[in-house]
Amino acid sequence: QVQLVESGGGLVQAGGSLRLSCAASGRTFSSYAIGWFRQAPGKEREFVAATSGSGGNTYYADSVKGRFTISRDNAKNTVYLQMNSLKPEDTAVYYCAADRVLSSWYLLLDQREYDYWGQGTQVTVSS
């Protein structure tokens with residue numbers, strides 16, 4: 001089992017940057033694929049980015065491609081989401097999620113595939 005804690009959210013002006021962190025408990029962090037999702041008020045939770053256990057395979061939603069970067073430091077049991085050129089439509093609660101996978105190259109893109117979730121961190125982008 002793994003526990004996830006997000007941090008790094010806040011209020012930023014459009015065009016600014018934030019880096020979110022997702023810290024995980026456990027000793028086999030590299031066995032877990034990690035995803036970032038977000039939920040804006042009145043909307044369903046949506047996929048943002050995902051990384052494989054090794055960190056060598058990543059995938060992004062079209063809406064954030066070229067602006068966001070997901071990375072991980074398995075020695076620190078932490079996954080990061082670097083968010084640049086933020087837009088007001090990026091305003092949401094951001095969640096990280098994890099699930100154990102058989103291969104360090106596997107990606108999980110569907111939120112239904114994730115068993116473990118953090119509590120979320122609020123990101124607000126002002127215009």
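Me: What share of the 127 residues counts as buried here?
Reply: In this protein, 45% of them do, where buried means under 20% relative accessible area, exposed over 50% and partly exposed in between, with a 1.4 Å probe and protein chains only. Bear in mind that the model is predicted: local features need pLDDT of at least 70, side-chain atom pairs count only at pLDDT 80 or more, and totals for chains, interfaces and linings use all residues. Residues are numbered from 1 along each chain as its sequence is written, and side-chain values use heavy atoms, leaving out hydrogens and water.

Me: Okay, how many helices and strands are there?
Reply: Zero helices and eleven strands; these are DSSP runs numbered from the N terminus, helices being H or I with at least four residues and strands E with at least two.

Me: Which side chains of β1 are buried?
Reply: L4 and E6, which point to one face of the strand (residues 4–7).

Me: Switching topic: where is N77?
Reply: N77 sits in the loop between β7 (68–73) and β8 (78–83). Its relative accessible area is 15%, so N77 is buried.

Me: What does N77 touch?
Reply: Leaving aside residues up to four places away in sequence, N77 touches C22, A23, A24, S25, G26 and F29, a contact being heavy atoms within 4.5 Å.
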